[in-house]
Amino acid sequence: MMSQNVIEIVKFKLAPGVSEQDFLPLNDAFQTFIDKQSGLLYRSLAKQPNNQGYIDVIYWQSMEDSKRTAEAFNNSTVCMDFLTLIDKQSVDMTHHMIIAQSTCSG
């Protein structure tokens, strides 16, 4: 049986006083971290209109890959630095099992 692909969606806002210019270099470092994780299929970071926050969408091969990366995240200096720029109270993470999808051409 094939493992079911999972979408991890994280909505968040930047911490008070943090600009997008402050955030983007740490996002680049986080992207480098995430690119090294097994089971990663795709990640995109998008900004909501009117500065209402961000949405980070990560496609994983399986829920196990997502969970393993969450453990690695908590032990990564890069990821902890990334977190310092995020308003912790604003974070909303959900996981969704993919039931239908097209091929990603990106």
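User: Which residues touch the most other members in the largest nonpolar core?
Analyst: In this predicted model, Phe12, Phe23 and Phe30 touch the most other members of the largest nonpolar core, a set of 18 residues.

User: Which elements give two or more residues to this core?
Analyst: They are β1 (6-12), α1 (20-35), β3 (54-60) and α3 (77-84). Helix α1 gives the most, with 4 residues.

User: What is Phe30 in contact with, leaving aside neighbours within four places in sequence?
Analyst: Phe30 is in contact with Arg43, Asp56, Phe73, Val78, Cys79 and Phe82, with neighbours within four places in sequence left aside.

User: Let us turn to Asn27. Where does Asn27 lie?
Analyst: Asn27 lies in helix α1.

User: Buried or exposed, that Asn27?
Analyst: Asn27 has a relative accessible area of 8% and therefore counts as buried, the cut-off being under 20%.

User: And what is Asn27 in contact with beyond its sequence neighbours?
Analyst: Once neighbours within four places in sequence are left aside, Asn27 is in contact with Arg43, Leu45 and Phe82. Arg43 and Phe82 are also among the contacts of Phe30.

User: Now Gln37. Where is Gln37 found, and why is it classed as it is?
Analyst: Gln37 is found in the loop between α1 and β2 (40-47). Its relative accessible area is 17%, so Gln37 is classed as buried.

User: What does Gln37 touch?
Analyst: Not counting residues up to four places away in sequence, Gln37 touches Trp60, Thr69 and Ala72.

User: Changing topic to the fold: how many helices and strands does the chain have?
Analyst: The protein chain has 3 helices and 4 strands. Read along the sequence, these elements follow the pattern β-α-β-β-α-α-β.

User: What share of the contacts comes from residues 24 or more positions apart?
Analyst: Among contacts with a separation of 6 or more, residues 24 or more positions apart account for 72%.

User: Which residues does Met63 touch?
Analyst: Met63, which lies in helix α2 (residues 63-74), touches Gln4, Val6, His95 and Met97, not counting residues up to four places away in sequence. Met63 and His95 are 32 residues apart in sequence, and their C-alpha atoms are 8.3 Å apart in space.

User: Where is Gln101 found, and what is it in contact with?
Analyst: Gln101 is found in the segment after β4 (92-97). Leaving aside neighbours within four places in sequence, Gln101 is in contact with Asn5 and Tyr59. Gln101 and Asn5 are 96 residues apart along the chain, with their C-alpha atoms separated by 9.9 Å.

Terms used:
Residues numbered from 1 in each chain as written. Predicted model: local features only at pLDDT ≥ 70, side-chain atom pairs only at ≥ 80, totals over all residues. Heavy atoms only, no water. Contact = heavy atoms within 4.5 Å. Core = buried A, V, L, I, M, F, W, Y, C linked by side-chain atoms within 4.5 Å. Buried < 20%, exposed > 50% of the residue type's maximum accessible area, 1.4 Å probe, protein only.
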